[in-house]
Amino acid sequence: MSVAGALPLAASFTARDGRRLHGHLLSPDAPRAALVINCATGMLCGFYLKFARYACQRGYQVLLYDYRGMGASAHRPLAGEPARMSEWGRLDMPAALDWLAERAGTLPVATLGHSVGGQLIGAMDNAQRARAHVMIAASTGYWRRQRFPFRYQALAFWKLYGPLMLRRRGYVPRGMLWRGESLPPQVFLQWRRWCLSAANYGPQLDADLAATRFEELRRPLLVWGFADDPIATPQAVAALLKSYSGMQVEERWTRPAEAGVRHIGHHGFFYERHREALWRPVIDWLDARLA
C-alpha cells in the first residue's frame, strides 16, 4: 500500500470542556480503518510515531495526540496547569475518538492505549463508537501489585520525590525516580491517590469516575502484557480487568526471549525492533475485528 501521504500532519481538536488538544494525523492514500493511540502517563505522542507509521503502512489512518497538561497540549507555566488525570479519560480520549471517527466516515475505528491510555477506556462515554480496543501494558497502578523491588521505587516516588518536587517547583519534573515528562500538580496528586489504593477502577477508586461505564462496555479487547514488566504484572492486569467484566477479552503475554530480545518492560513494545514479533500480530488482530 502506498504511504506517500503518511507524513505526520498537525492535528488540533477540542475536548468536551473546550480545551484545545494537539497532535498528529497520519493517513495512507487509501485508508481502510482508523486508529486512535492514547499515550501512557509521562509519554508524549511522538514516542508512538514509529508504531503509528507502521499502522499507516498497514492501511490505518492514525491519530496521535498529547493529553491536556502534557507536551503540545500543556499550559505554561506547568505549576499552574489545572489538568487532572481523570480528565484524560472523561474528556480528552472521547474527543480524540470523535474527531477521528468523523474524519474516517464509514471506516471502522479502534483505539490502542498504552498503560493509562488503556486503563481509562471505561471512562469514555463514547467507547462503544470504537469497534475494538487494544491495551498495551495496561493495569492498575496499585504499588503493592508491582514487581519487587520496583514497587519500593514507586512508593518512594509517591511518598518522597513527587511531594518534594511539588513543594520546590510546583510540578513533578523528570529526575532520578521519574523518567517520564514533567507532570502537572493535579495529575501527579490524582495519580498518586490511585496508585496508593487497591480499589477497582471506577467510582470506587475516585469520585471523578462516578459517571464512568467500565462494566457496560461490550467490545472486543486485546490485552497484551510482558513477563518482565515491573508495573503491569499479571496480578495488576487481572485487577484492572475486573472493571471490564463485559468486554470480550483476549489476553496475551510475551516473554522477552519469545520476541528475540533481553528486555521489553513497560514501554518496549513501541520500539521498532518489535515490528514483526509484536506490532504485526496486534494489527493482524485489529484487522480481523474490523473487517
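In helix 1, the residues K50, F51, Y54, A55 and Q57 meet R275, W279, R280 and I283 of helix 7, where contact means heavy atoms within 4.5 Å. By class, this contact of helix 1 with helix 7 has 5 nonpolar, 1 polar and 3 charged residues; Ala, Val, Leu, Ile, Met, Phe, Trp, Tyr, Cys and Pro count as nonpolar, Asp, Glu, Lys and Arg as charged, and the others, Gly among them, as polar. The model is a predicted one, in which local features need pLDDT of at least 70 and side-chain atom pairs count only at pLDDT 80 or more, while totals for chains, interfaces and linings use all residues. Residues are numbered from 1 along each chain as its sequence is written, and side-chain values use heavy atoms, with hydrogens and water left out.

Two packed helices are described by the angle between their axes and the distance between the axes. Helix 1 (residues 49-57) and helix 7 (residues 275-290) pack at an angle of about 55°, and their axes are 11 Å apart. That angle makes helix 1 oblique to helix 7, given that angles under 35 degrees count as roughly parallel, over 145 as roughly antiparallel, 65 to 115 as roughly perpendicular and the rest as oblique. Axes here are lines fitted to C-alpha atoms, for helices over the stretch in contact, and angles run from 0 to 180 degrees between N-to-C directions. Helices (H or I, at least four residues) and strands (E, at least two) are DSSP runs, numbered from the N terminus.

On a 1 Å grid over the protein atoms alone, a pocket is an open set of points where a 1.4 Å probe fits, with protein on both sides within 12 Å along at least five of seven lines, and lining residues have an atom within 4 Å of a point. Of its 26 lining residues, F150, W178, W191, I231 and H267 are the closest to the centre of the pocket. Helix 4 (150-169) gives the largest share of the lining, 5 residues, and helix 3 (116-119) and helix 5 (185-195) each supply at least two.

Some backbone features remain. Most residues other than glycine have a negative phi, and most peptide bonds are trans. The peptide bond from F148 to P149 is cis, with omega near 5°, and P149 lies in the loop between strand 6 (132-136) and helix 4. Phi of S115 is near 55°, a positive value in a residue other than glycine.
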